[in-house]
Amino acid sequence: VDIDKYVKKLTAYKFLQLLILAQINELDSLTHLSKHSKDKKELQVHLNMDGISTSQLSRKQCDLSPKLFEKILHHLVFMIQSQMKQSPIVRDIGRLHVIDSSTMSMSISQYPWAKFRKTKAGVRLHLRVVVTKDLTIPDKAVLLPAKHADRTQMNELIEIDPDALYLFDRGYVDYKQFDKYCLEGVRFITRLKKNAEIEVLSEQSPDPENLIYQDAEVYLGNAQNGTKMQHTLRLIKTKDQEGNLVIIVTSCFDLTAKEIGDLYRYRWKIETFFKWMKQHLKIKSFFGKSENAVYNQIWIALITYCLEVLLQ
């Protein structure tokens with residue numbers, strides 16, 4: 001579709017360039033961006049226009065579909081991944097995907113469409129990243145009002161891919177899904193909830209020197225209330241980055257317990273990524289009130305991050 005039909009001045013591409021500029025310069029509002037576009041002569045030459053008004057920017061932000069920027073992000077992700085040199089984290093396990101979400105809180109009076117509690121509003125970025133020793137790259141993202149729980153997005157972010165190993169936290173624990181993954185050959189590592197019902201079938205010797213305190217084959221769930229899994233999983237007790245004891249389960253029986261523990265500790269990479277985004281990109285306060293305006297701003301923040309990775 002020709003999105004710039006009848007557009008004389010502010011094309012979608014020029015708008016994208018201006019919003020990336022707002023992200024890089026951490027500008028606070030479209031008014032600041034408008035002023036920036038009128039003050040910077042080299043920018044006017046580059047964009048071939050003598051500045052742009054706040055109202056034009058605002059209209060464009062509401063009119064453009066977030067799908068456009070989502071597609072641009074996917075294109076950049078593909079470019080990065082085709083250039084990435086993989087150095088295996090433990091050994092050649094394929095791609096390590098880490099999945100998590102982050103919520104951007106908002107005022108319920110200004111963003112009623114994003115209501116998720118009586119007094120709260122917000123949007124949640126459900127994200128899958130590819131993690132290497134040196135890089136964290138957004139791979140797939142879903143943007144929704146925050147009322148959608150993490151677990152509801154598992155089908156979107158976890159795909160049948162023999163080359164992928166998925167790492168996620170307790171918010172995604174779902175025994176029915178785990179059985180499905182075992183059946184489909186999806187490899188995953190996750191953390192277990194404290195109240196999980198566990199039936200131990202067999203155990204390997206622990207290896208405290210490598211922070212492995214239990215390594216067992218188990219069934220999860222309870223047969224009486226219909227939650228018991230049909231497939232067995234491997235349960236490993238180890239310690240996280242902070243030295244706290246964690247219980248993880250995995251469908252991987254071919255890796256050593258130490259390798260699984262080492263892989264799980266890479267979960268912090270996505271938390272660091274979200275932290276970096278909230279500190280360095282504009283995703284905590286928004287330039288517009290509509291759903292399109294908010295989603296466009298977040299997609300463009302992710303695009304900005306990918307462009308910076310490509311530049312590096």
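Which residues do ring pairs link into a cluster? They are F168, Y172, Y175, F178, Y181 and F188.

## About the model

This is a predicted model, in which local features need pLDDT of at least 70 and side-chain atom pairs count only at pLDDT 80 or more, while totals for chains, interfaces and linings use all residues. Residues are numbered from 1 along each chain as its sequence is written, and side-chain values use heavy atoms, leaving out hydrogens and water.

## The sheet

Let's start with the strands. Nine of them make an open sheet with mixed pairing, in the order β3-β2-β1-β4-β5-β9-β8-β7-β6. At its edges lie β3 (136-145) and β6 (198-204), each of which pairs on one side only. From one strand to the next, the twist averages 25°. Strands here are DSSP runs (E, at least two residues), as are helices (H or I, at least four), and both are numbered from the N terminus; two strands pair if DSSP finds at least two bridges between them.

One of the details to look for is E203, whose bridge partner in β7 is A216.

## Helices across the sheet

Helix α5 (residues 66-83) lies across β2 (121-131) and β3, at about 160° to β3. Helix α10 (residues 291-311) lies across β1 (95-106), β2 and β3, and runs at about 180° to β3. Angles run from 0 to 180 degrees between N-to-C directions, with axes fitted to C-alpha atoms, for helices over the stretch in contact (heavy atoms within 4.5 Å).

## A closer look at α9

Helix α9 (residues 268-280) has buried residues K269, I270, F273, F274 and M277 (buried means under 20% relative accessible area, exposed over 50%, partly exposed in between, with a 1.4 Å probe and protein chains only). These residues sit on the same side of α9 because they cover an arc of only 140° around the axis, taken from the directions from the helix axis to the C-beta atoms. They pack against β1, β2, β3 and α10. On the other side of α9, K275 and Q279 are exposed.

## Aromatic pairs

The structure holds 13 aromatic pairs. Among them, Y111 and W113 are edge-to-face, at 6.4 Å centre to centre with 75° between the planes. Rings of Phe, Tyr and Trp (its six-membered ring) pair if their centres lie within 6.5 Å; planes under 30 degrees apart count as stacked, over 60 as edge-to-face and the rest as tilted. Y111 is buried, with a relative accessible area of 6%, whereas W113 is partly exposed at 24%.
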